[in-house]
6 protein chains.
Amino acid sequence: MIPPLPDMILENLIRAALIEDLGTNGDITTRTVIPAGIRYSAQIRAREAGVVSGMQLAALAFRLIDPALRFDALCPDGTAFQAGETLARIEGEAASILSAERVALNFAGRLTGIATMTAAFVAETRGTAARITCTRKTTPGLRLVEKQAVLHGGGFSHRVSLSDAILIKDNHIAAAGGIRPVLQAVKARASHMMRVEIEVDRLDQLAEVLDEGGADVVLLDNMDTPTLRKAVAMAGGSVVLEASGNMRLDRIAEVAATGVGYISVGALTHSARTLDLGLDF
Amino acid sequence: MIPPLPDMILENLIRAALIEDLGTNGDITTRTVIPAGIRYSAQIRAREAGVVSGMQLAALAFRLIDPALRFDALCPDGTAFQAGETLARIEGEAASILSAERVALNFAGRLTGIATMTAAFVAETRGTAARITCTRKTTPGLRLVEKQAVLHGGGFSHRVSLSDAILIKDNHIAAAGGIRPVLQAVKARASHMMRVEIEVDRLDQLAEVLDEGGADVVLLDNMDTPTLRKAVAMAGGSVVLEASGNMRLDRIAEVAATGVGYISVGALTHSARTLDLGLDF
Amino acid sequence: MIPPLPDMILENLIRAALIEDLGTNGDITTRTVIPAGIRYSAQIRAREAGVVSGMQLAALAFRLIDPALRFDALCPDGTAFQAGETLARIEGEAASILSAERVALNFAGRLTGIATMTAAFVAETRGTAARITCTRKTTPGLRLVEKQAVLHGGGFSHRVSLSDAILIKDNHIAAAGGIRPVLQAVKARASHMMRVEIEVDRLDQLAEVLDEGGADVVLLDNMDTPTLRKAVAMAGGSVVLEASGNMRLDRIAEVAATGVGYISVGALTHSARTLDLGLDF
Amino acid sequence: MIPPLPDMILENLIRAALIEDLGTNGDITTRTVIPAGIRYSAQIRAREAGVVSGMQLAALAFRLIDPALRFDALCPDGTAFQAGETLARIEGEAASILSAERVALNFAGRLTGIATMTAAFVAETRGTAARITCTRKTTPGLRLVEKQAVLHGGGFSHRVSLSDAILIKDNHIAAAGGIRPVLQAVKARASHMMRVEIEVDRLDQLAEVLDEGGADVVLLDNMDTPTLRKAVAMAGGSVVLEASGNMRLDRIAEVAATGVGYISVGALTHSARTLDLGLDF
Amino acid sequence: MIPPLPDMILENLIRAALIEDLGTNGDITTRTVIPAGIRYSAQIRAREAGVVSGMQLAALAFRLIDPALRFDALCPDGTAFQAGETLARIEGEAASILSAERVALNFAGRLTGIATMTAAFVAETRGTAARITCTRKTTPGLRLVEKQAVLHGGGFSHRVSLSDAILIKDNHIAAAGGIRPVLQAVKARASHMMRVEIEVDRLDQLAEVLDEGGADVVLLDNMDTPTLRKAVAMAGGSVVLEASGNMRLDRIAEVAATGVGYISVGALTHSARTLDLGLDF
Amino acid sequence: MIPPLPDMILENLIRAALIEDLGTNGDITTRTVIPAGIRYSAQIRAREAGVVSGMQLAALAFRLIDPALRFDALCPDGTAFQAGETLARIEGEAASILSAERVALNFAGRLTGIATMTAAFVAETRGTAARITCTRKTTPGLRLVEKQAVLHGGGFSHRVSLSDAILIKDNHIAAAGGIRPVLQAVKARASHMMRVEIEVDRLDQLAEVLDEGGADVVLLDNMDTPTLRKAVAMAGGSVVLEASGNMRLDRIAEVAATGVGYISVGALTHSARTLDLGLDF
């Protein structure tokens with residue numbers, strides 16, 4: 001469903017992770033105790049249920065260590081799976097499989113954790129038009145693949161970097177002297193290819209934004225549910241509304257029902273639990 | 001207490017994270033709405049208590065974006081802090097502070113989360129000689145700094161890469177034909193500067209290891225507490241023992257009391273919750 | 001007016017250019033014939049009038065070769081200058097100035113050429129609301145700095161990369177089966193932080209776009225002036241219109257007068273003439 | 001005729017250009033609107049006549065994005081073509097072709113522009129022994145491929161970097177105290193594998209160079225045609241002569257007829273117009 | 001016998017060496033004088049006897065320059081060979097073979113030199129349990145492959161980097177206030193996966209080390225043979241002993257006979273003579 | 001005498017060497033046993049006489065590890081020194097000095113070894129016009145600094161890469177069909193900024209080269225002294241002559257006296273012994 005990225009964009013990331021793990025002298029254990037020529041068949045198996053992400057990366061890790069390994073993804077990225085299910089099968093030289101194992105699982109476990117957590121949030125929005133989205137609170141170096149994991153879990157992307165879109169937060173407003181001068185600067189200087197979002201904490205700020213114009217999206221920060229509902233009514237569809245701030249799973253259904261378009265959840269990328277995946281020989 | 005690493009080792013990591021966040025066009029929001037010449041004073045403040053890690057990295061992030069910023073760490077890495085405490089103070093051009101903020105906080109929040117979780121595990125070992133250690137289940141690209149965060153929290157390091165030490169797992173034993181041939185290979189071929197650890201699941205395997213010799217450390221995988229106690233008695237101090245496998249916080253005191261030397265906890269690095277840090281102007 | 005980018009984003013580009021020029025053995029000429037300790041004062045002087053861009057890069061080139069050189073930009077980026085005017089002054093070791101000269105001028109001459117050409121196009125839009133913008137037809141490796149040069153000349157930016165915004169061209173429409181399925185896919189899957197632009201060649205296509213919705217901007221490709229005028233009338237301000245395709249300088253005033261919001265000009269970055277700048281001792 | 005460079009030298013350049021264009025999140029448009037599995041056949045077609053360069057780079061761009069694409073160069077680098085001619089054919093996944101298109105064309109259009117402009121200058125030297133050569137006024141990062149484009153157009157290379165050869169300019173002479181000390185330094189210290197060129201503005205300087213010896217090539221800067229003719233007579237074949245400085249196309253035949261060996265033209269690389277190439281599906 | 005490293009770890013090294021040799025413009029000689037399409041068969045032949053190392057690297061050099069070349073290693077790394085023997089055979093485009101030749105031979109000659117010198121030292125230990133090992137006195141950038149060459153010659157590895165193991169030298173002891181505080185620091189803070197070695201010059205220091213405990217290995221620096229013999233007696237097998245300092249070939253048999261476990265020889269990597277290998281067509 | 005290179009060209013080399021040595025976890029020994037705040041003064045001292053090279057690199061190693069260290073070079077690169085002399089003094093944090101020591105000495109020892117060996121060869125040419133030069137048989141990754149070391153020892157450089165000059169060897173001649181076609185190709189296609197050298201084994205080949213023309217330098221390979229003398233007579237100053245092939249120190253005076261211009265010695269870079277330098281606290 002979500003098309004894979006070109007391997008080329010991902011290879012440097014995987015290569016760096018393999019070199020980090022191999023260290024300055026390679027996999028000493030395997031080189032010391034595993035005789036050459038022993039062939040194995042291994043499976044990546046899930047110890048718990050979830051939604052897969054990171055299989056493209058795992059495949060690259062095995063291929064970069066040994067292009068002769070055969071990797072078959074049984075559950076491609078974006079697929080839901082049950083506990084005990086086999087996600088992928090790897091065949092070839094035992095030493096190669098063992099040397100790539102940890103990096104492959106570190107990527108797949110972490111990203112599958114994110115996809116799985118996202119899917120749980122998305123499930124709470126069922127029956128509404130609200131969409132779950134992530135933030136820039138990602139792991140340094142992994143933003144691209146963590147954002148993909150959110151897509152694999154059924155969520156939507158947000159800004160991927162500071163150059164994608166304009167998002168004006170409270171600190172920007174304070175530094176620039178208020179909502180109106182900020183929105184005027186945007187109207188005067190922003191490219192037509194840049195979406196503009198602005199953060200508000202209170203309904204009177206929302207009113208000011210709607211009056212001044214120039215924003216496509218308004219981020220409603222840390223509002224309770226009745227306030228969110230009023231904000232939806234005030235905006236009347238003229239801008240996209242994004243609810244944000246401490247969006248725990250047990251509050252999502254209620255927030256989604258207010259009519260906001262997006263609910264952004266930092267925890268998807270900064271605090272998802274790694275899913276338990278193992279490599280069985 | 002833990003001496004800082006040379007900045008040189010860390011700079012590429014921070015630079016890459018900043019470039020990932022700045023994207024192909026820089027911080028469009030700040031460039032569009034913040035006039036040049038506005039100076040600010042900002043604080044990194046903790047919303048909850050913990051043990052700090054990542055301040056050296058945060059300092060580098062601000063300095064790389066703008067060498068003219070002044071950064072004062074009030075709580076250096078390895079220090080415990082209370083909710084509400086100020087961890088660092090930054091002064092200078094507002095636009096620069098805003099452009100570096102997210103990367104600085106992404107590092108500091110994540111690593112402080114690891115140090116804080118480690119400290120909680122270490123607290124459970126009080127009164128015993130057991131030490132808490134991490135594993136190679138780290139975030140790709142961040143192993144070095146996550147291992148430092150474990151040290152900042154009072155834990156001990158384990159292998160940092162596959163070339164640091166020999167750790168023979170069940171899959172290696174299977175592929176190489178058993179415990180004795182593996183240990184014989186190690187004795188014949190390993191450098192005198194390499195520690196050797198071997199994983200066992202059962203006490204009869206431990207007996208075989210002790211009898212054959214050649215291991216400095218034995219990893220006791222997924223054993224219950226009485227079995228761990230028996231293993232300690234069997235080894236009688238002749239090797240270091242490391243308990244591993246699903247070591248949840250509520251079990252640590254009991255495991256530490258068995259007399260094992262080390263308890264290794266993958267969750268410290270793969271599933272620590274990001275600590276809530278904010279930048280207040 | 002346009003705030004400078006953090007030097008950190010630009011340094012790798014300059015460093016690579018210097019290393020390309022120094023080659024595998026450094027500046028042999030200077031090392032062979034210029035005795036150490038000879039100090040010079042040099043000026044970057046314009047042989048013709050224009051609008052400056054690339055001075056930040058030139059400053060970096062001199063500083064990277066020799067941190068002891070003093071560089072004063074008399075005309076900062078974005079400033080108009082006359083033929084004969086001095087743009088910057090450099091003082092220090094003669095050998096260092098000579099070794100950095102070519103790289104500094106290659107950047108400054110090229111980017112000043114782009115800013116100057118942009119300013120000429122912008123001048124033709126005076127009295128209208130039309131804005132001049134560039135395209136992705138940039139020099140490989142220099143996109144960021146060429147886009148800045150367009151801003152320095154008074155133009156506006158467009159997408160900086162394929163991940164900034166969605167721009168659906170004729171080939172996309174053909175491959176995906178028409179305008180409506182494409183816009184439906186966008187509405188179903190695009191993030192709320194992504195602007196959406198779609199290219200049309202004919203007014204009936206514009207009508208289809210307006211009817212289906214989902215586009216923020218419509219690119220009017222290769223239309224004559226009367227057709228552009230009709231397109232403006234049809235859109236009635238509901239979307240931003242961008243005129244594109246062979247936009248020569250002598251046609252800009254007429255196109256700007258039709259009421260389109262943007263005029264995009266590939267030649268700004270792919271065919272601007274390098275401005276003649278020299279280094280005088 | 002000009003043998004291709006090993007792909008290995010060029011890959012980093014293309015990879016960097018693709019990553020610059022894909023940005024931090026990949027080709028969002030294609031990923032959003034083009035379903036997987038749609039296969040296409042596309043042609044790179046010339047909208048005007050010229051001499052091709054950059055086809056090896058275009059082929060690499062498509063291959064790096066998707067190794068399964070098939071690329072056939074119908075006009076290899078160095079070949080002349082007519083307006084409307086097909087230069088290359090690409091077959092495979094539509095999404096891959098669309099994602100690589102812009103980078104492939106940006107390289108091919110720019111380099112074909114250089115080769116085409118070079119060929120026009122070379123044509124003016126017909127019937128003489130004069131050769132057209134380029135300078136170091138190249139695009140930062142593209143020097144190697146721009147120099148190749150000059151070869152593809154029938155020109156000759158000059159220094160590729162500061163470490164290839166010694167070229168003493170007026171500023172060097174001034175800083176080092178005159179022509180004689182400079183040439184004496186060269187004779188005392190230069191390697192036997194380094195060609196030596198020296199710039200002169202006047203015939204008395206040429207006389208001094210010839211008298212002192214030590215130069216293989218003399219650059220005659222900004223001389224009018226009669227002076228060039230006198231210089232040729234003075235040198236009498238003892239050194240190679242290179243005419244330089246504002247060498248416009250309409251002056252080349254006349255300059256070539258003076259008997260100089262080389263005519264160097266900075267504009268070939270700093271101001272060639274990008275040739276209009278398109279990708280047709 | 002010594003399993004090869006994954007090519008992935010070595011490729012950047014070879015690529016960098018090729019680019020260093022090709023310079024900014026490629027192999028001008030070959031491109032100028034060798035017509036395309038000439039196929040050759042070449043052999044790497046040894047002008048003197050030795051033990052091979054670096055064949056994996058030579059193979060990579062040829063493959064990176066031209067993936068169509070066929071490379072057959074007749075003597076894989078770790079094999080002894082006679083003068084005149086053919087170590088490898090390469091077939092394919094003559095120009096490609098010539099362009100890769102120097103880099104391939106520079107690696108193979110240097111590393112074969114190290115393996116050959118190591119084998120000579122190892123031969124002197126025959127009949128004893130002593131092992132030959134190298135030090136960190138390696139060529140910057142080549143440590144990994146030089147350590148492999150020592151293994152190929154029958155030696156053992158030592159620390160590969162400062163993060164592999166703890167080695168406390170005289171300067172550390174001086175700076176930290178003596179042997180006992182240093183060993184106490186190690187016992188309090190070192191990971192269980194780190195071997196600990198300490199350098200001593202005198203037997204009373206050895207006694208202090210043995211009494212305090214905490215060291216796995218003791219480096220006996222610059223001791224004469226009778227002193228080494230006494231050290232072996234004192235240690236009585238409780239620690240590993242490594243003799244070091246000016247270990248010339250003619251002294252090895254005598255030192256090995258003292259009963260030390262390891263003899264470390266810096267000259268293996270810092271002063272081995274390059275072995276004479278040639279490429280014959 | 002030999003001006004230093006810009007630090008910028010050398011920094012990546014030193015940085016890479018430091019990272020190679022620090023490994024994935026930094027200098028564990030120093031971090032474990034050296035308390036912070038201990039300041040030291042250290043000297044780089046020569047254990048034997050020689051000519052220094054690599055001090056600029058050593059200075060960079062200390063500065064990159066800790067910019068607060070103070071480094072004073074008492075013997076700058078190119079200076080002769082006696083056994084026991086102090087070459088440089090370093091002051092600052094003891095831990096920093098210890099962490100940078102090995103890399104600094106590895107560079108300085110190796111390069112000083114090359115400079116010292118070169119000086120010995122140069123001494124043998126005294127009273128003749130012959131110059132000592134090196135070859136491309138350098139350590140992969142260190143060519144630039146090894147070539148500088150040859151200059152520091154009083155020698156001359158040769159090609160630094162394959163793109164500096166044309167050097168036609170026996171294999172090229174064989175592949176291209178003889179000396180005349182090779183020289184004709186060079187005359188037809190080589191740039192005027194490229195020196196041309198051709199290798200000959202016999203005097204009849206030299207005659208053919210002189211007759212055909214097109215070469216600036218002739219490499220006389222493996223000729224005995226009487227033959228070299230004849231070659232000098234034959235050439236009569238019309239080309240530069242370079243004697244090569246097994247040029248041992250004891251033969252240099254005799255070869256220099258034949259009248260050849262250059263004697264090239266591969267051993268200078270491939271087999272120089274590392275000079276014994278130590279760091280004393």
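**Interface of chains A and B**

I started with the contact, which takes 61 residues from chain B and 62 residues from chain A. I'm keeping in mind that this is a predicted model.

Next I looked up the area. Chain B and chain A bury about 4,800 Å² between them, and 56% of that is on carbon and sulfur atoms. On the chain B side I checked who loses the most area to chain A: B:E20, B:P140 and B:L162, together 14% of what that side buries.

Then the charges. I count four salt bridges between chain B and chain A. I noted one of them, B:R136 with A:D21, where the closest N and O atoms are 2.7 Å apart.

For polar contacts I get 41 residue pairs across the interface of chain B and chain A, both residues at pLDDT 80 or more.

Which elements of chain B supply at least two residues each to the side that touches chain A? My list has the helices α1 (7-22), α2 (28-33), α4 (94-123), α5 (143-152), α6 (170-176), α7 (179-189) and α11 (267-270), plus the strand β7 (166-168). The top giver is α4(B), with seven residues.

I also sorted that side of chain B by residue type: 28 nonpolar, 20 polar and 13 charged.

**Aromatic pairs**

I opened up two of them.

The first entry is B:Y40 with B:F281. Their ring centres are 4.3 Å apart and the planes sit at 65°. The cut-off for edge-to-face is over 60 degrees, so I logged the B:Y40 and B:F281 pair as edge-to-face. B:Y40 lies in strand β1 (residues 39-46) of chain B and B:F281 in the segment after β12 (277-280), so the pair ties together parts that are 241 residues apart in sequence.

I looked up accessibility for both rings here. C:F156 has a relative accessible area of 13%, so I put it down as buried, the cut-off being under 20%. C:Y262 is buried too, with a relative accessible area of 5%.

Terms used: Residues numbered from 1 in each chain as written. Chains lettered and ligands numbered in written order. Predicted model: local features only at pLDDT ≥ 70, side-chain atom pairs only at ≥ 80, totals over all residues. Heavy atoms only, no water. Contact = heavy atoms within 4.5 Å. Buried area = accessible area lost by both parts, 1.4 Å probe. Salt bridge = Lys/Arg side-chain N within 4 Å of Asp/Glu carboxyl O. Polar contact = N/O pair within 3.5 Å; in protein donor to acceptor, adjacent residues only side chain to side chain. Helix = DSSP H or I, 4+ residues; strand = E, 2+ residues; numbered from the N terminus. Nonpolar A, V, L, I, M, F, W, Y, C, P; charged D, E, K, R; others polar. Phe/Tyr/Trp six-rings, centres within 6.5 Å; stacked < 30°, edge-to-face > 60°. Buried < 20%, exposed > 50% of the residue type's maximum accessible area, 1.4 Å probe, protein only.
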